[in-house]
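Please keep the sequence and the structure in view while reading.

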Amino acid sequence: MEPVSVGVRLASSAVVPLIKKLFTSEGSGAGLVDKPVRLSSLVTFKGEKRTLTYEDLHKLAADLIERALQVRGPHDELQEGEREAVTDALTITLHGLGDLGLDDVEAVRLGHERLAYELYMHADGPSIVRLLGEDLTRLYSSVLDTACLHILHFFTQRSTFVARTLVEQTRQLDEATTRLDILIERIPARPAVDADFEDRYTRHIATKHSRLTIYGIDLNNAREWPLDTAYLSLEAAATSEHQLAGSSQAAQGSHDDKGQSAIPDGWVLSVPQPVEHALAGHNRVLLRGIAGSGKTTLVQWLAVATARQDDLTSRLTHLIGRVPFVLPLRTLTRHGGELPTPDRFLATLGCPLAGVQPAGWVERILAARRGLLLIDGIDEIPEQERERTRHWLRDLLEAFPGNLWLVTSRPSAVRDDWLEAENFTELTLSPMNRTDVTEFVRRWHVAAGADASYEQALLTAIRTKQDLGRLATNPLMCALICALHRERRGFLPRGRKDLYDAALSMLLERRDRERDMYTPGRIQLTRDPQIQLLQKLAYWMIRNGRSEMSQHDATALLTDALAAMPHVAEQGTTEQIFRHLLIRSGLLREPAVGAVDFVHRTFQDYLGAKAAVEDRDFGLLVHNAHLDQWEDVIRMAVAHARKGERAEILTGLLERDEQRCVLLAAASLEDATELDPDIRARIETLTAALLPPQDDQVLEDLVKAGPIVLSLLPGPAELTTEEARRVVMTAQYIGTDSSIPVLRRFCHHPAAEVRQQLASYWHGFETDVYAEEVIAQLTQDDIYFAVRNPAELAALHGLGGRSRIKLSAPLDPHDLRKILIADCVTHIWVEGYTSVSDLGWLGTLPSLRSVLLTDDQPIVPEDLRPLVPAHVEVAYAS
C-alpha cells in the first residue's frame, strides 16, 4: 500500500531523525563505498557495537506511533492499552531489520512495500495483527509502510554506490518521499464531511471527463474514446526566451577548455515542450491555441489526472493534492447573469453533486490553496463580456491566492498583455509535428477498426502531398482527414474548403442513405436544405458573438427560414425539424437542457461564412475583421465567394489600412481559388512591407498566411540578429518543403542565435531532408544540435555526429548509448532534466567535458551529482 493512500501521513522532517537512529552513523568516506553493505552491520541494535537497546527501539517505535496519531487528529486518540499494543507490534517488526539477510542494494531493489511485507512476515505478522483489530492494524501497516519508505530513501542518500547502482529505484524513492511531503504540506486537517465529499466529487470528475468525443470515426454517431488511450501530448512554447538562472550558478562549467562559452551568453531558447510539462512551475497560465488544437482536451486531461492523483511524479508534482474545477465560460455565461462565486461553481455547472455539497467546501479548498481552476474558452464568449470576465477572474485571484489557474483562448481573442497585470504566463499550443500526426493517425485507425492499409496510405499521402500536410496540423483536422480517407477509399480533397464540403456531405447525407435509414413517414432532408437551415443558426451565433443559443431562438429562426422552403416545411413542425437536425445531422448537440450549439466551432464558422456570402454581407465581414471571432469566418467567406465577391472582401480588408487586416487578407489567399492578379499583387506587396516580423503576433499571423509568405521573406543581408532569427522561425513554423531553401540561406549566419534556431527546430520536416539540407550545412563550434527522437539522433549519427548535443525530449538511454558517436560528443544539454530517469549513459562518453541541465522546475544541483561522472563539469539553468 502506498503510504499516501492511507490515513497516516508522516513528513520527512518527522520521520527521518528517528530512522537515522536505527542505523550506524556515517564514518569518513562512507558515501564513497563501492559495494553493497549488509543491513545487519548497519543497524544500531545488533552486534557487538550496538548503541540502541531493545528498550530504545521500543521508545523509537512509540515516537513514530505518537507522531502518526498527532497527524490523524484528536478524534483518533487511542486508549493506553491500544497504544502499547500497536507500539509492541511495530517494535517487533522493525527489530527484524537486522535478521533479514539483505544488503542495502537488495533492500532498495525490493521497494518499500515489499520490504515492509518481508519485515511483517519475518515477525509473524498474521499473529501480531490478529491481536490488534482492524483500526490498529491499519495504523500499524501505514506507519510500517512509511518507515520503510524513509529507510530505503535513507540508504540512497547514505551511499552513492546504491544511487548509481539503482538509478530508477532511487528516483522513485525520491519522488515518493517528495510526494508524501507535498501532500502533508498541501492538505490540512479536514472535517470528515469535507474529505468524504471531496472523494465523491473527484471520482465524479474523473468519470465525467474520462472520455473524448472523436468525430468522424463512425458515420452514424460520434464515438467516445477513453481519454487514457486518446490523449496525445501536444506541445506548447512560451512567447519569450528562458534566461539562465543565476549568473554565478549557471556559469559553473559553462566554458570549455579553450575558455570559449559552452552556451550562448544570456539566453536559452524557449522551444516547444509537452504542454503538461510546460505548465509546471507556473501558477497562472494563459494558453492560446487555434480552433481544434486540443485546448479543451488538455483541460479534460488535467482534470482527470488531478482527480485521480495517479502518477503525479516528476513534472506533475504541482498537481499533487489539488482539486480540479472545470469552468467552461460558455456554460457560466449561458444565461447572461453574474459569473458565479465559488459556492455556486457546482450548481452553475449543473453538477449532480451540487445539492449535497457541504456549505463553504469550495471556499475551504481555495483558501487552503489546493484548487486547480481550468477556465476554458475566453474566445467563446462575446467580446463585450470579456472585460467583465477579467474582473471576475481578478477578484477570485485576489480572494484566493496560491491556487493554480489555466485560462484557454484562441490566439487573437484577447491582447498579448490581457492578463499580464495578474502575472499570468502565456503559452501557445504548437501545431502537431509529423511525429504527432503519425501517432494520431495510428490511434485513430486502431480505434476505428480500420484496415491497416488505409493507415499506411494516408501517412504516405500526408508526407508527400504538401497541401494535405498543411491541413493535418491539429487533432480536429486530423480526425476529419482520417474519416474522409477511409470513407472515400483513399481519395481526399485538396483544400480546406473542399475538406469541409466533403465532411458535411458525409455527415448530412451519405451516412443515412448508405445505412438505408430513409423510411416512409420520417423526415427526409437532403444535404442542401440541411445546410441552409444550419447556416441560419451558425450565422446568428456569429453575429451575436455566441457559441451557443437557446432552442427557443433556434426554432424561431427555423420558422422564418421554413416559410421559404415548402418542401421541407411540409415534412413536419418546426420543432420536429429542429429535433431532426439536432439528432441526425451530426453537427449539433445539446450542451444543456434548452440550449444548442455546434459540435465544434469550426463547423459554425464554415456555415456562418457561407450564409454571410449568400446574404452579401461583405461590409459586415470587413467591419468585424479586427475581432478574433470573425477571423476564420472571413477566411472561409473568401473560400465560399465567387471571383467578384472575393475581390470585394479582400479590397475592403486592405482599405482598412490595418496591419491585422493585411495579414488576414494574406492568409485568405490560400483559399482564393480565383482572384484578380492586381489584388493578389497588392496583398503581397503590403505583406512584404511587414517583413521581417517585429514581434510574436506578426510572426504568428505570417505563419497563418502560409507558403505565400516564403517567397517574400528577406535574406540575411541587412537584417539584425533578432530579425534574422524571426525570419528563420517564420519559415520553420510554416513548415513545408518550400521552407528549406529559405532556411539554407541562413546556415552560415555569423550569429550563433540564428544558427541555434536552425539547429533547434527540425521536427516539423522530413528528418533526413532537413538533416542533409540544413543541419549538415551548419558550423558546429558554438551551437547545440537539438534532438527530440531516435530518428533525429540517427540523422546526426549519419552526418558523423556532433560535438554539442541538446536533448529536447526524454530519449531511451539504450538509444543514446547505441546511436551517439561517443568519441565525438564534448557537450551535452539536457532540457527538462527532471523527466530523465537515467543519466548513466553520460559515463560512456569519453570526450565529454560539460553538461548543461535546464528545467522549469527549481533545480537542486546536488540531486544529480552522484549520477554524473566526476570529471564532467555541470551547469544548471532554469
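What pLDDT does the protein chain average, and what percentage of the residues score at least 70? The model is a predicted one, and its protein chain averages a pLDDT of 81, with 81% of the residues scoring at least 70. Two stretches call for caution. Over residues 240-269 the pLDDT stays under 50, and the model has 65 contacts beyond four places in sequence for this stretch. Over residues 514-519 the pLDDT likewise stays under 50, and here the model has 14 contacts beyond four places in sequence.

**Sheets**

An open sheet is formed by 7 strands in the order β4-β3-β9-β5-β8-β7-β6, and its pairing is mixed. At its edges stand β4 (273-274) and β6 (323-328), each of which pairs on one side only. Strand β3 (residues 235-238) pairs with β4 in the antiparallel sense over 2 bridges, and within this pairing glutamate 235 of the chain stands opposite proline 274 in β4. Helix α18 (residues 383-399) packs on this sheet, where it touches β5 (284-288), β6, β7 (371-376) and β8 (404-409), and the direction of α18 makes about 170° with that of β8.

A further open sheet consists of 3 strands in the order β10-β12-β11, with antiparallel pairing. Because β10 (548-550) and β11 (588-589) stand at the edges with a single partner strand each, one side of each is left without a neighbour in the sheet. Between β11 and strand β12 (residues 595-598), which run antiparallel, there are 2 bridges, and leucine 588 stands opposite phenylalanine 598 in β12.

**Helix packing**

Two packed helices are described by the angle between their axes and the distance between the axes.

| Helices | Angle | Axes |
|---|---|---|
| α24 (527-543) and α28 (601-614) | about 95° | 7 Å apart |
| α35 (721-734) and α37 (752-760) | about 10° | 8 Å apart |
| α32 (659-668) and α33 (677-688) | roughly 130° | within 9 Å |

How are α24 and α28 oriented, given an angle of about 95° between them? With that angle, α24 is roughly perpendicular to α28. On the side of α24 the contact is made by Ile531, Gln532, Leu534, Gln535, Ala538, Tyr539, Met541 and Ile542, and on the side of α28 by Gln604, Asp605, Leu607, Gly608, Lys610, Ala611, Ala612 and Glu614. Sorted by class, the contact of α24 with α28 comprises 9 nonpolar, 4 polar and 3 charged residues.

The helices α35 and α37 pack at an angle of about 10°, and they are therefore roughly parallel to each other. In passing α37, helix α35 makes a right-handed crossing. Thr721, Ala724, Arg725, Val728, Met729 and Gln732 of α35 make this contact together with Glu753, Val754, Gln757 and Leu758 of α37, and by class the contact of α35 with α37 has 5 nonpolar, 3 polar and 2 charged residues.

In the remaining pair of the table, the axes of α32 and α33 cross at roughly 130°, which makes α32 oblique to α33. The crossing of α32 and α33 is left-handed. Val662, Leu663, Ala665 and Ala666 of α32 meet Ile683, Leu686 and Thr687 of α33 in the contact, whose residues divide into 6 nonpolar, 1 polar and no charged.

**Backbone details in loops**

Where in the chain is proline 692 placed? Proline 692 lies in the loop between α33 and α34 (696-705), and the peptide bond that leads from leucine 691 to proline 692 is cis, with omega near -5°. Another loop, the one between α22 (475-487) and α23 (496-514), holds arginine 489. The phi of arginine 489 is near 55°, which is a positive value in a residue other than glycine.

Notes: Residues numbered from 1 in each chain as written. Predicted model: local features only at pLDDT ≥ 70, side-chain atom pairs only at ≥ 80, totals over all residues. Heavy atoms only, no water. Axes fitted to C-alpha atoms, helices over the stretch in contact; angles between N-to-C directions. Helix = DSSP H or I, 4+ residues; strand = E, 2+ residues; numbered from the N terminus. Parallel < 35°, antiparallel > 145°, perpendicular 65-115°, else oblique. Contact = heavy atoms within 4.5 Å. Nonpolar A, V, L, I, M, F, W, Y, C, P; charged D, E, K, R; others polar. Left-handed = near helix turned anticlockwise from the far one by under 90°. Pairing = 2+ DSSP bridges. pLDDT = per-residue confidence, 0-100.
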